[in-house]
Amino acid sequence: MSLFRKGLAVLMRIPMKAAATSGQQLATTPPFTPANDASSSANLESHTSRKVALADVKEWMQASIAIPSDKIEFVDANLEEFSKGYLSLPQEGRRELLLVLARDYDVNRARVRELMAQYLNLGFPQEPESITEDEQSRGQIRDEAFLASCYRTERNLRIALKPMYDIFFERLNAYPGGLKILAVLRADLLLVIEKEKLPSLRALDLYLKERLITWLSPAALHLHQITWDDPASLLEKIVAYEAVHPIRSLQDLRRRLSTGRRCFGYFHSAIPGEPLIFIEVALLKEVAKAIQEVLWDDPPFLENEATCALFYSISSSQVFATLSPIPGYVQWLLSKLASHLKLGEEETENETDSEIVFSSTLKEHVLLPEEERMIFESGKALADGNSGIEILYNILSSTNSEWSKSECLLSALKGPLMRLCIRYLLEKNKSGKTLDAVANFHLQNGARIERINWMADTSERGIKQSAGIMVNYVYSLEKIEENAMAYFSTGHINASSNIYQCFQQPMEE
C-alpha cells in the first residue's frame with residue numbers, strides 16, 4: 001500500500017490534531033487495558049448505539065450463570081446480549097450492576113457453614129496402635145471409609161467457597177470477545193472502588209484480577225513487530241493508545257515505525273487486532289538524555305552502527321536502556337513540602353522578627369540553606385512566598401509551567417530537584433518497594449537506575465508530573481536475574497554509583 005493510501009486509511013479512522021505546543025497532547029481514545037479508567041470502556045461503547053434497560057442486562061447476566069453448561073448455544077446467546085447491553089449502560093448503570101454482581105453472586109456462606117458443620121461432625125476414628133507419631137502429628141488417617149467422607153466434604157467445600165460469579169467470568173472468558181468485556185468490567189470496577197470501598201467490591205476485584213492474571217499470562221501472549229505495513233485499524237490503535245509521548249501526525253507515526261525505530265506489541269488470541277501492550281524502541285549510538293532526541297531526530301547513522309536499544313515509551317548488544325517518566329515525583333514532593341510548610345508555621349507562629357525566616361527544620365529535611373536562598377531570590381518574581389520552600393511549593397503546584405522557561409530559576413532548581421528526585425526513586429514504601437510505579441516495574445524486572453536527566457521531557461505533562469526530569473533504567477543482561485532477585489527478596493534497589501553518591505549527600509552543609 002502506498003504512503004498516500006495508508007495515510008488516508010489511518011486518517012479516515014482516527015481524528016488527529018496537530019499540537020499547538022510540544023506539550024499539547026492528542027485528543028485520542030485511551031488504551032483498553034485492565035488498569036485503565038472508565039474511558040477505556042467508552043472506546044468499546046462507541047461500537048454500539050443500542051440502549052437497553054439495566055434490568056435486561058441483569059437478566060442476561062443471571063441467565064449466563066444459571067443455564068446448564070451443556071446448553072452452550074443459549075449461554076453464548078445471553079453472553080452476547082449481556083456484552084452489548086453492558087457497553088450501552090451509562091456509568092451509574094454499570095456501577096449498580098457491579099454492586100449486584102458483588103453482593104448477590106458472592107460465596108454462598110449458608111452452604112459453606114452447612115458443609116463446615118458436616119466436616120466437624122465427622123469425628124476422627126480411633127487409629128490402630130501401628131500408626132507412627134509422625135503420621136499422627138500430620139493428621140494422617142488410614143480409615144478409608146472415613147477418608148472417603150472427608151474427601152467428599154472437602155471437595156464440596158472447595159466448590160462452595162467459589163463465588164457464583166466465577167462461573168460468569170469463566171463463561172465470559174470462553175466467549176469470543178469476552179476477555180475484552182472482562183477487562184472493561186475491571187476498569188469500571190476500579191472506578192467504583194475509588195468511591196465505595198466496600199469489602200464485597202474489593203473481593204470481586206481481587207477475584208477478577210487473579211483470573212485476568214491467569215488468562216493474560218505471558219504464555220498466552222504473542223509478540224508482533226508493528227510496522228507501517230500493518231492494517232490501518234492496528235495503526236489507529238497505536239496512535240490512540242500512545243499515552244506517554246502522543247503521536248502528533250502521520251509523519252510522526254511513520255518515523256516511529258521506520259529505520260532506526262521499532263515498535264513491538266503483545267497480542268492475545270482472544271482479542272485479535274488489539275495490542276495489550278506495545279513498546280517503542282529507538283536504536284541509538286548512546287543512551288539519550290532527552291526525549292526530544294528520540295521523537296524528533298531522524299537517525300543520522302546506519303542501524304548496524306547502533307549500540308543501544310532505548311525503550312522510550314513504556315546500550316550495545318549487551319545493554320538495554322529506557323528513557324522513562326517519573327509520574328509520581330512532583331506529587332510526592334508537593335506532599336513533603338506541604339507537611340514541612342505546616343511544620344514551619346508552627347515553629348514561627350510566635351516569631352516577632354519581621355525578616356524572612358528560613359526554618360532550620362525545613363532545611364534539614366528538604367532544602368540545603370543555599371538552595372533555599374537561591375530559590376527564594378530566583379523565584380519571588382514568579383510566585384508568592386515567604387521562603388524558598390513556599391515558593392517551590394507554589395511553583396510546582398501551579399497550573400502553568402512558566403517557571404520551566406526561566407533560565408535563572410532553572411539554574412536554582414536543578415540541584416535540589418535532581419537530588420530530591422533521586423531520594424524519591426530510592427525511597428521505599430511499607431512493603432519495601434520503591435514508591436514510583438514505573439521504577440518498581442523496571443526494578444522487579446532486573447534493571448538498575450542509571451541516570452536522571454534534567455529537562456528531558458519539557459511537555460506539559462512532563463513538567464507537571466516530574467518537573468521535566470526523566471530517568472534511564474539500564475538492563476545489563478548478565479545482571480538482570482541477580483538484580484531482580486535482590487529487589488524481590490530484600491528490597492535492594494540497584495543503582496549506579498553516581499545515583500547513590502547524590503542520595504548520600506548530607507542534608508545540611
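**Entry 1: Glu427 and its partner**

I looked up Glu427 first. I note here that the model is predicted. I then checked the partner. The side chain of Glu427 meets that of Arg423 in a salt bridge, with 3.7 Å from N to O.

How many salt bridges does the rule give? The count is 25.

**Entry 2: Arg256 and Asp252**

Arg256 and Asp252 form a salt bridge, and their closest N and O atoms are 3.2 Å apart. Where do the two residues lie? I found both in helix H13, which spans residues 250–256. They sit four residues apart, about one turn of the helix. Buried or exposed? Arg256 is buried, and Asp252 is buried too.

**Entry 3: Glu303 and Arg262**

Here I looked at another pair. Glu303 and Arg262 form a side-chain salt bridge at 2.9 Å, N to O. This pair links distant parts of the chain, 41 residues apart. Glu303 is in the loop between helix H14 (291–295) and strand S4 (308–311). Arg262 belongs to strand S2, residues 261–268. Glu303 comes out at 28% relative accessible area, so I call Glu303 partly exposed. Arg262 comes out at 21%, so Arg262 is partly exposed as well.

**Entry 4: Glu274**

I moved on to Glu274. Glu274 is placed in the loop between S2 and strand S3 (277–284). Why do I list Glu274 as buried? Its relative accessibility is 5%, and buried means under 20%, so Glu274 falls in that class. What does Glu274 touch? Leaving out residues up to four places away in sequence, I found Lys180, Lys237, Tyr241, Tyr266 and Phe267. With Lys180, the side chain of Glu274 makes a polar contact of 2.8 Å.

**Entry 5: H5 against H10**

Last, I looked at two helices. H5 covers residues 91–104 and H10 covers residues 178–195. Their axes come within 10 Å and cross at roughly 90°. I therefore describe H5 and H10 as roughly perpendicular to each other. Which residues make the contact? From H5 I list Gln91, Arg94, Arg95 and Leu98. From H10 I list Val184, Leu185, Asp188, Leu189, Leu191 and Val192. I sorted the contact residues by type: six are nonpolar, one is polar and three are charged.

Conventions: Residues are numbered from 1 along each chain as its sequence is written. This is a predicted model: local features need pLDDT of at least 70, side-chain atom pairs count only at pLDDT 80 or more; totals for chains, interfaces and linings use all residues. Side-chain values use heavy atoms; hydrogens and water are left out. A salt bridge is a side-chain nitrogen of Lys or Arg within 4 Å of a carboxyl oxygen of Asp or Glu. Buried means under 20% relative accessible area, exposed over 50%, partly exposed in between (1.4 Å probe, protein chains only). A polar contact is a pair of N or O atoms within 3.5 Å; within protein, one must be able to donate a hydrogen and the other to accept it, and residues adjacent in sequence count only if both atoms are side-chain atoms. Contact means heavy atoms within 4.5 Å. Axes are lines fitted to C-alpha atoms, for helices over the stretch in contact, and angles run from 0 to 180 degrees between N-to-C directions. Angles under 35 degrees count as roughly parallel, over 145 as roughly antiparallel, 65 to 115 as roughly perpendicular and the rest as oblique. Ala, Val, Leu, Ile, Met, Phe, Trp, Tyr, Cys and Pro count as nonpolar, Asp, Glu, Lys and Arg as charged, and the others, Gly among them, as polar.
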